Amino acid sequence: MGRAPPDGPVPAPPAVAEGVGTYAFMQTQRGSDDPVGYDPCRVIEVEINPDGAPAQHDALVDTGLARVSAATGLRFERVGTTGRRPSFDTVSPRRSPVLIAWATLDEVPELAGDIAGLAGSVSWGQPGQMRYVTGTVALDRDYFDSLGPADLPMAQAVVDHELGHLVGLGHVDDPNELMHEDSLQRWTYGPGDREGMARLGNLDC
């Protein structure tokens with residue numbers, strides 16, 4: 001299928017620079033290496049729950065979404081705030097906005113230990129034609145509370161890492177990529193991260 005624009009003009013997808021880094025996908029189409037991703041011809045709506053969020057949360061979210069949009073060509077639109085809380089035990093309603101929230105360990109036990117955030121998206125569709133339709137980003141409230149003003153680049157790296165998961169990137173073993181599980185050696189997207197996101201942005205509508 002082509003990239004018909006049902007929701008308005010669609011920006012050109014980024015060029016794919018092949019073989020310059022390491023990337024992995026969260027999910028691939030059945031029987032294929034093709035990734036599952038969001039429809040590039042749909043705007044991805046995003047809601048924020050500001051409860052427990054750091055003072056600079058708007059800048060963290062806006063910067064993260066802008067970086068992912070530049071790397072994928074996907075379009076994000078913040079549609080307001082919400083009282084919804086993150087949960088990975090229940091499936092979000094189809095086509096509900098993506099939720100970004102700062103969570104406690106009681107709400108999201110998977111944030112235990114050194115885990116600063118979790119993210120994932122819900123896929124929908126026929127086998128071989130799956131698409132992500134919504135998702136959740138849960139950021140560790142206690143971790144972000146522990147950061148000071150000088151730690152802003154580290155906080156941004158955590159947000160960017162989780163947004164990479166949201167759009168479909170998985171962890172890699174290469175410490176030169178932000179999607180490395182520990183992501184301690186860099187605070188910006190690496191070459192493989194960008195190649196993977198470019199491929200996610202080049203999916204058909």
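## R85 and its partner

R85 has a relative accessible area of 26%, so it counts as partly exposed; buried means under 20% relative accessible area, exposed over 50%, and partly exposed in between, with a 1.4 Å probe and protein chains only. The side chain of R85 meets that of E107 in a salt bridge, at 2.7 Å from N to O. Here a salt bridge is a side-chain nitrogen of Lys or Arg within 4 Å of a carboxyl oxygen of Asp or Glu. This pair links distant parts of the chain, with R85 in the loop between β2 and β3 and E107 in the loop between β3 and β4 (117–124), 22 residues apart. E107 is partly exposed too, since its relative accessible area is 29%.

A word on the ground rules: this is a predicted model, in which local features need pLDDT of at least 70 and side-chain atom pairs count only at pLDDT 80 or more, while totals for chains, interfaces and linings use all residues. Residues are numbered from 1 along each chain as its sequence is written, and side-chain values use heavy atoms, leaving out hydrogens and water.

## Further salt bridges

By the same rule, the count comes to seven salt bridges. One of them joins R84 and E47, whose closest N and O atoms are 3.1 Å apart. R84 sits in the loop between β2 (75–81) and β3 (98–103) and E47 in strand β1 (residues 43–49), so this pair also links distant parts of the chain, 37 residues apart. R84 is partly exposed at 26% relative accessibility, whereas E47 is buried at 15%.

Another salt bridge brings together R141 and D51 (3.7 Å, N to O). Because R141 lies in helix α2 (residues 141–145) and D51 in the loop between β1 and α1 (57–72), the pair ties together parts that are 90 residues apart in sequence. R141 counts as buried at 19% relative accessibility, while D51, at 45%, is partly exposed.

## The fold around them

Stepping back, the chain has four helices and five strands; these are DSSP runs, numbered from the N terminus, with helices (H or I) of at least four residues and strands (E) of at least two. Along the sequence they follow the pattern β-α-β-β-β-β-α-α-α. Of the 205 residues, 46% count as buried. Among contacts (heavy atoms within 4.5 Å) between residues at least 6 apart in sequence, 70% join residues at least 24 apart.

Eight of its eleven residues are buried, so α4 is largely enclosed by the rest of the structure. Those buried residues are G192, D193, E195, G196, M197, A198, L200 and G201, and what covers them includes α1 and α3.

## The loop between α3 and α4

H180 has its place in the loop between α3 and α4. With 17% relative accessibility, H180 counts as buried. Leaving aside residues up to four places away in sequence, H180 touches H161, H171, V172, D173, D174 and P175.

Together with D114, D173 and E181, D182 forms a negative surface patch. For such a patch, residues must have over 30% relative accessible area and no salt bridge, and like charges are joined within 9 Å.

How values were computed:
Patches are made of residues with over 30% relative accessible area and no salt bridge: like charges are joined within 9 Å, nonpolar side chains (Val, Leu, Ile, Met, Phe, Trp, Tyr) within 5 Å. Accessible areas come from the Shrake-Rupley method with a 1.4 Å probe; for residues, only the protein chains shown count as cover. Lys and Arg count as positive and Asp and Glu as negative; His and the chain ends are not counted. The place of a charge is taken as NZ of Lys, CZ of Arg, CG of Asp or CD of Glu.
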